[in-house]
Amino acid sequence: MIIVSRTMDWGERSGGGGGTGVADELTLDLDDNLAELSLERTITSSLKSAEEIERLTVDERLNDIERAVYLLSSGQEVQRISVIKNLPQLLTDHSNDAMRRVVPKVREVLHLANCDLQDAATKVFVTIIEERIITPASYAQSFLQTILSNVDNRDPDVSEAWLEVLLQVISFLPKDILKRDVLTVAVEKGQLSQSVQSRLASCRILGKVATRCDSFMIKRDILPLVQSLCQNVDYEVRSCMCRQLDSVARGLGLEPTKSAILPELVELSNDEESCVRLAALETIVSLLSLLDDETCTQTIIPLVCKFCENAMQSEDSTLPAVARQFGRLCHGLSVNLTEDQKIWFLNFYCKLCVIGLVPEKTRVNDRQSPPILNLYREEDRHMECRRHCAFNFPCMVLFAGPRNFKMELHGTFACLCDDPNKCVRVTMASGFHEVAKMLGSSVLTIQGELISLLKDDLLEVIHGIISHLPETLDTFAKGGNVVTESKITGLADLIPALISAETAAASSRNWRLHRDILEKYSCLPRCLTSDQIYNKIVPMFFKHIIAHRVLPVQLAAAHSLCVFMRYNRRLEQRQDICGRLIEECCHSGNHRYRKLFIDVCHFSLELFSKNYFKENLYNSVIQLAQDPVPNVRLKFCSLLPLLKSQFKLPKDLQLLQQLETLVRRLLSTENDHDVVTAVRRAVFELDRIKMTVGIQTSKHHQEDDLQDQKKEEDEQLLLEMERRDHEEADSKTGSSKAPSSAKGGDKRRESKAGATSTAAATATARKTAGAKSSKTGSATGRRVAPSSSSSSNTSVYSSPNKATTKTAKSQGKKSIENATFAAPTASSASKVTSLSAKTGKRSPTVQEPNNNKPPASRRRAGSDGLICMSSSSASKTPSYSRTKKDTNASTTVDGHTSSGSSLVKRTSSTGGTHGELRRSSGSSVTSPRVRQSSSSNIATSNSTTRIKKTTVSKS
């Protein structure tokens with residue numbers, strides 16, 4: 001297939017309208033404007049003087065090494081930087097010459113170089129050692145001394161850059177070089193006679209070297225200098241050395257740390273300078289994993305408690321650091337704390353969470369509902385404390401335990417969620433899902449806080465809670481392990497909050513947040529009922545599809561609507577959503593909405609089965625092939641290969657021929673060049689799609705058929721659940737109207753006796769019908785559902801077991817309860833399918849309907865999932881649309897009325913997909929009608945028994 005492409009001739013377009021007067025005026029105005037900028041557009045013939053050109057010119061006969069040496073010696077600054085950046089390549093290509101001639105020149109240049117050249121050299125020196133371009137010994141001889149000398153540069157920025165290079169290089173150097181070259185320099189710089197900058201560099205070098213040395217070397221060469229620097233007169237040196245004690249302690253081991261490092265750490269934690277105490281606290285937290293239980297119990301816990309009390313009393317800069325490290329402290333010390341100590345830590349945490357909000361005199365110990373008073377001005381330090389406490393709240397829930405959350409932390413959690421500072425609320429919203437997961441079955445305790453955050457006025461808070469909304473709502477819906485009707489009903493209180501969050505995002509200019517909200521709301525079928533979503537959420541999404549002007553928002557709303565339609569348990573509501581999408585988008589007068597309908601079809605192909613799409617959306621979308629707007633036809637061409645992939649021969653031969661005719665018409669009648677190109681590309685893709693014929697399918701097609709089969713089973717499960725809901729409702733209505741007199745009881749007993757006496761005859765008749773159907777199926781080439789043995793049928797219908805029926809009902813009720821509040825799955829569908837088999841009922845044989853027949857002649861399933869065909873007029877009963885009256889429909893047989901009976905046959909002109917028999921190629925799948933009939937044969941009501949009796953007596 002040849003793909004034709006057209007290149008736009010911009011010259012023809014620009015010269016087409018130049019003769020008009022308006023165009024001449026515009027041209028004159030443009031010339032005037034360009035004339036004003038003529039000085040800027042003028043390009044001089046020579047930007048450099050002859051002397052400058054001569055100075056920048058390099059002899060082309062020089063090789064790489066000679067050119068590098070020449071530029072380093074007499075070149076400009078930019079040329080020297082270029083040579084230094086190219087040094088790794090020179091060392092790779094000309095190792096010996098570069099080491100002998102170029103590297104010495106680089107050392108000379110760096111001695112008096114500016115900051116730009118120094119910065120380029122630091123990056124190159126690290127690259128050389130990381131990529132192992134030269135050996136460590138050669139690197140130490142040629143580059144290490146340059147690094148050490150530049151660490152003492154007078155410029156503090158240059159000195160800091162070279163110190164970072166040294167710290168990175170230490171990881172690649174052998175121990176003998178470190179001891180001989182690096183450690184000696186560190187000891188010299190750490191002397192009291194050196195400057196503060198040198199001693200700070202010594203502290204950092206010692207901490208890095210300690211990670212490469214053994215315990216004996218650290219004790220002998222490093223530890224004495226470390227202890228001296230911890231006692232240094234300058235607080236900056238003490239603070240820097242304190243932060244390196246973690247590395248030194250891990251190199252020493254546990255016992256030397258207890259004897260040599262811990263005393264220094266305890267003394268530093270009581271230092272008069274706050275920065276030193278902060279460094280001591282961070283080091284304590286880092287060392288918790290190294291210390292044993294005895295050290296933590298006897299030394300660390302009392303030290304931490306005293307440190308926290310001092311920080312709370314002084315309320316200095318150490319208090320935010322305590323709040324930041326408090327979660328790690330509690331987690332690391334939790335195994336060593338007593339119950340009283342745990343209570344003390346929880347009390348201190350609760351005080352941190354409300355610091356700055358309440359005065360010291362009125363601060364209470366009640367953690368359930370501590371008061372929030374906005375009488376005092378918030379300081380940044382207090383706000384940082386509360387923000388860090390909000391960040392550590394999941395860790396504190398783990399520390400206290402989910403069982404103690406309501407008594408210990410719920411009041412504090414509510415205070416943080418209602419904090420007047422936006423940063424605290426944003427932090428709580430971002431970590432809300434973590435708290436919900438930890439609470440498990442007690443998650444409904446924080447439902448009020450979730451509603452409060454969703455109704456927040458700040459978009460940042462809404463964004464924080466929306467970013468993990470699916471995980472949060474899943475936890476709320478499950479509430480631990482089991483989903484029940486009461487929990488789903490309780491989650492209805494979330495609907496106003498969800499609508500409020502969406503309204504706040506819609507009224508703002510942050511369309512990205514609005515798009516995220518609409519996308520996240522696609523998880524609502526997991527936690528809300530179909531009626532709640534249909535009545536409260538679906539109208540809001542349709543409003544945005546119709547009225548919103550941002551395409552990503554419309555796409556998000558359309559995708560979520562398809563998800564709502566996919567998991568809605570009521571056929572009437574599914575049909576209404578699908579019909580509104582077709583009416584508002586496909587039949588819209590605006591081409592933007594017709595293009596959006598093509599996107600809806602893409603979403604539907606991903607979510608629904610092939611038969612559902614062909615029955616509900618296919619006939620509408622192919623009408624867009626004749627759309628008057630070329631852009632709509634252009635986008636429709638992208639859907640053509642997907643449409644063909646939905647067909648399966650020979651069942652869909654008529655649809656395939658219709659699609660081929662449509663493509664031929666587009667190729668012959670299309671006038672737009674872009675659409676023609678798109679059609680030809682689609683034809684190329686169509687030719688590559690292999691159709692499945694019977695059971696001759698490839699592995700790829702088998703996988704697609706299995707996925708499609710799972711989708712069909714999920715769709716049948718929805719129908720089955722809806723049918724059972726109707727049966728339960730009808731049974732409750734029938735039981736409430738049942739007669740209580742003795743005469744009524746006698747009639748019921750007589751009806752039951754008649755049904756028992758005619759059960760054997762009914763089983764024999766069904767066996768004969770099954771045999772005939774089996775013969776017919778083999779003659780027509782259609783598969784039929786396997787029938788049960790005659791012995792089992794006779795035993796079931798002749799002597800029904802009340803206990804078995806009761807057990808089957810309870811199992812069916814439990815299965816429906818579990819499947820009601822979760823997204824349908826293939827496994828759950830199989831459980832519902834096998835329910836009839838457990839009750840001992842035999843499924844009748846039903847032939848596969850022909851999807852190629854006109855829609856009016858097909859037999860379809862009603863809203864309750866029953867076969868829509870009467871036993872007396874199966875071939876002449878027309879199909880009709882299901883209305884609300886169908887639910888309460890009743891049928892009179894010989895003067896008896898049966899409401900909602902399992903033998904009543906209804907039809908639906910819009911839900912045929914869900915009632916048809918579906919199979920994947922090469923595998924036999926139980927017909928949905930067989931499953932429905934099998935489940936409906938569990939006759940327990942009086943009216944059903946009377947209908948059975950009358951039908952058998954007539955035959």
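This is a predicted model: local features need pLDDT of at least 70, side-chain atom pairs count only at pLDDT 80 or more; totals for chains, interfaces and linings use all residues.
Residues are numbered from 1 along each chain as its sequence is written, and side-chain values use heavy atoms, with hydrogens and water left out. Local features require pLDDT of at least 70 and side-chain atom pairs count only at pLDDT 80 or more, whereas totals for chains, interfaces and linings use all residues.

Helices are DSSP runs (H or I, at least four residues), numbered from the N terminus. The axes of α12 (residues 175-189) and α14 (residues 215-230) come within 10 Å and cross at roughly 25°; axes are lines fitted to C-alpha atoms over the stretch in contact, with angles from 0 to 180 degrees between N-to-C directions. Helix α12 is therefore roughly parallel to α14 (angles under 35 degrees). Contact (heavy atoms within 4.5 Å) is made by Lys179, Leu183, Ala186 and Val187 of α12 and by Met217, Arg220, Asp221, Ile222 and Leu225 of α14. By class, this contact comprises six nonpolar, no polar and three charged residues; Ala, Val, Leu, Ile, Met, Phe, Trp, Tyr, Cys and Pro count as nonpolar, Asp, Glu, Lys and Arg as charged, and the others, Gly among them, as polar.

Leu245 belongs to helix α16 (residues 245-252) and counts as buried because its relative accessibility is 0% (buried means under 20% relative accessible area, with a 1.4 Å probe and protein chains only). Beyond neighbours within four places in sequence, Leu245 contacts Val226, Cys230, Ile261, Leu265, Leu268 and Thr283. The C-alpha atoms of Leu245 and Leu265, 20 residues apart along the chain, are separated by 8.2 Å.

In helix α26 (residues 422-430), the buried residues are Val424, Arg425, Thr427, Met428 and Ala429. These buried residues pack against α22 (380-391), α25 (410-417), α27 (432-439), α28 and α29. The N-terminal end of α26 is capped by Asn421, a side-chain oxygen of which lies 2.9 Å from the backbone nitrogen of Cys423. Asp456 occupies the loop between α28 (447-454) and α29 (459-466) and is buried, at 12% relative accessibility.

Most residues other than glycine have a negative phi, and most peptide bonds are trans. Arg132, in the loop between α9 (115-130) and α10 (136-151), has a positive phi of about 55°. Phi of Glu315 is likewise positive, near 50°; this residue lies in the loop between α19 (293-314) and α20 (318-333). The peptide bond from Leu649 to Pro650 is cis, with omega near 0°, and Pro650 is located in the loop between α41 (640-645) and α42 (653-669).

Conventions
Helices (H or I, at least four residues) and strands (E, at least two) are DSSP runs, numbered from the N terminus. Buried means under 20% relative accessible area, exposed over 50%, partly exposed in between (1.4 Å probe, protein chains only). A polar contact is a pair of N or O atoms within 3.5 Å; within protein, one must be able to donate a hydrogen and the other to accept it, and residues adjacent in sequence count only if both atoms are side-chain atoms. Angles under 35 degrees count as roughly parallel, over 145 as roughly antiparallel, 65 to 115 as roughly perpendicular and the rest as oblique.
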